[in-house]
Amino acid sequence: MNYVYCFLFSFTLVTLSCKENTDQYDPPNIVFIMSDDHAYQAISAYQNDLIQTPNIDRIASNGMLFTNASVTNSICAPSRAVILTGKHSHINGKLDNLSPFDTSNVTFPQLLQDAGYQTAMFGKLHFGNNPKGFDQFKILPGQGVYYNPDFITKDEGRIKMKGYTTDIITDMSIEWLEKERKDEQPFLLMYLHKAPHREWLMAERHMEEYTQRKFPEPATLFDDYDGRPAAQRAEMSILDHLSWNRDSKVFRNVIEELELSPYGTDFGNYRFEHVLDSAQYAHFRKYFEPVNRDFKAKYANMSREELMSWRYQRYMQDYLGSVKSIDENVGRLLDYLESNDLMENTVIVYTSDQGFYLGEHGWYDKRFVYDESFKTPLMISWPGKIQAGTTSDEMVQNLDFAQTFLEMAGVKTTEAMQGESLMPLLTGQSNLWKRDGVYYHYYEYPGEHAVMRHYAIVTKDYKIIHFYHDEDYWELIDRKKDPHELTNVYHDHAYEEVRNQLHRQLDTMRQQYGDSDSLSAAFLEVYLNRRNQ
Ligand code: SGN
Ligand code: CA
């Protein structure tokens with residue numbers, strides 16, 4: 001336990017008190033819960049007209065809810081690399097989902113392990129290689145699957161499990177707490193769901209209810225993308241780009257009969273009858289047959305708007321049905337911690353690797369710096385240290401996690417880390433928090449969903465965005481006046497001063513973080529060469 005002493009002298013925080021009459025600091029356990037593509041709109045602590053998530057909300061009501069948490073690069077593996085390293089994508093090297101993570105990066109779990117923490121990871125990592133710094137891990141290969149998943153394990157090679165993946169990842173985590181956790185060490189548990197990632201396949205127990213539910217439509221479901229060429233070009237429309245079979249669960253015979261034009265993976269290798277075992281498949285057919293019957297009966301008379309509304313409801317049913325199991329399973333884990341006296345000195349975090357569009361702008365998926373995918377849910381509890389039921393609207397990022405956990409543990413951070421510890425905010429000393437904007441950079445283009453490369457600075461009032469490949473133009477969004485982000489005011493004279501100020505702020509920030517046009521050009525060249533090989 002090299003670094004785990006009383007670090008009061010290095011803390012800015014008197015609230016992190018040492019035990020009385022000893023100089024031994026008692027580092028907390030850290031339970032890091034992350035789901036994949038979980039939109040804040042689908043957590044009732046943030047918004048309660050789509051779904052109730054009473055268990056996830058327990059973390060918020062026991063601690064602090066962040067209403068302005070965001071990611072630096074809204075895509076899976078890059079976000080995870082930022083979380084683990086505390087460095088922006090252009091520094092840690094994980095720019096997109098396509099290349100493997102560079103394991104020479106130092107991660108916060110490695111530092112915690114070196115400092116005496118017992119560490120474990122269960123679920124989705126998506127790095128193309130195994131995690132370093134873990135005493136135990138069982139991770140899904142790649143994206144993982146919803147039912148009967150394989151896991152890559154530290155000690156047993158590749159194993160095959162039976163059942164619903166969200167339940168299995170929870171079973172594994174609880175079993176580790178029960179059987180492998182050592183009382184004499186603090187622990188880090190990374191409990192990482194695959195759900196609610198595409199293709200949104202809910203647990204059998206939710207099919208009856210969720211195939212029948214109806215949800216309110218977002219205000220921008222029928223966005224025409226006027227004045228926003230990158231949004232116009234993106235291929236993530238619920239109406240046009242979801243696959244009929246795999247995503248919308250329209251049966252293949254119905255697709256053929258109605259002559260629906262397939263998109264993406266519809267006629268690839270994916271077959272529900274192969275993904276599910278025969279009992280699971282029978283259950284799936286039972287509840288999706290009425291959906292298909294109903295669709296077949298009305299398709300011929302549907303307008304494009306009606307079809308969009310139908311596809312939106314189908315998407316929401318599957319997405320929110322998948323979220324329901326996450327909430328139940330988070331509840332199971334919290335119950336375990338409670339009933340085993342593990343709450344007292346345990347930090348619990350709930351977040352997602354990024355946000356997600358639930359019909360806003362007519363979209364599913366993420367990648368853009370527009371709010372629904374740029375923002376991510378974040379709530380943190382730590383009894384006695386973080387006041388219960390509090391909220392912070394400061395602009396925090398996944399970039400800040402590594403330094404936050406290290407400070408909580410009393411472990412030194414590395415020079416290379418680029419975030420800020422959230423401890424001042426968590427302990428009610430927000431006067432010590434000085435940040436007036438955050439940086440964003442997305443790279444995976446040309447690629448799936450056709451979201452152009454862009455970087456941006458986001459302040460509480462504005463976003464200034466540079467789309468630089470393969471079109472080159474700027475967008476300016478007035479966040480207060482235009483919360484749905486529909487109007488580009490970059491060329492509006494009224495915003496000239498704001499625009500100049502934001503450009504200056506962006507330049508300073510890029511310098512501070514070590515990003516530049518020449519770096520972007522070099523990354524693009526490597527990416528295009530790799531694609532052409
Ligand atoms: C898959 C999905 C995409 C999704 C990416 C990245 N397509 O490729 O819709 O954007 O994952 O998601 S699918 O047809 O294979 O489902 S991420 O969360 O891993 O970044
Ligand atoms: Ca993701």
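Visitor: Why are H5 and H11 called roughly parallel to each other?
Guide: Helix H5 (residues 165-179) and H11 pack at an angle of about 10°. Angles under 35 degrees count as roughly parallel, and H5 and H11 are therefore roughly parallel to each other. The model is predicted, with local features needing pLDDT of at least 70, side-chain atom pairs counting only at pLDDT 80 or more, and totals for chains, interfaces and linings using all residues. Residues are numbered from 1 along each chain as its sequence is written, chains are lettered from A and ligands numbered from 1 in the order in which they are written, and side-chain values use heavy atoms, leaving out hydrogens and water.

Visitor: What makes H10 roughly antiparallel to H11?
Guide: The axes of helix H10 (residues 278-298) and helix H11 (residues 304-339) come within 12 Å and cross at roughly 175°. Because angles over 145 degrees count as roughly antiparallel, H10 is given that description relative to H11. On the H10 side, the contact (heavy atoms within 4.5 Å) is made by Phe288, Val291, Asp294, Phe295 and Lys298. Leu307, Trp310, Arg314 and Asp318 contribute from H11.

Visitor: Why does the side chain of Asp365 count as making a polar contact with ligand 1?
Guide: A polar contact is a pair of N or O atoms within 3.5 Å. An N or O atom in the side chain of Asp365 is 2.6 Å from an oxygen atom of ligand 1, so the pair qualifies. For Arg198, a polar side-chain atom lies 2.8 Å from a ligand 1 oxygen.

Notes:
Axes are lines fitted to C-alpha atoms, for helices over the stretch in contact, and angles run from 0 to 180 degrees between N-to-C directions. Helices (H or I, at least four residues) and strands (E, at least two) are DSSP runs, numbered from the N terminus. Angles under 35 degrees count as roughly parallel, over 145 as roughly antiparallel, 65 to 115 as roughly perpendicular and the rest as oblique. A polar contact is a pair of N or O atoms within 3.5 Å; within protein, one must be able to donate a hydrogen and the other to accept it, and residues adjacent in sequence count only if both atoms are side-chain atoms.
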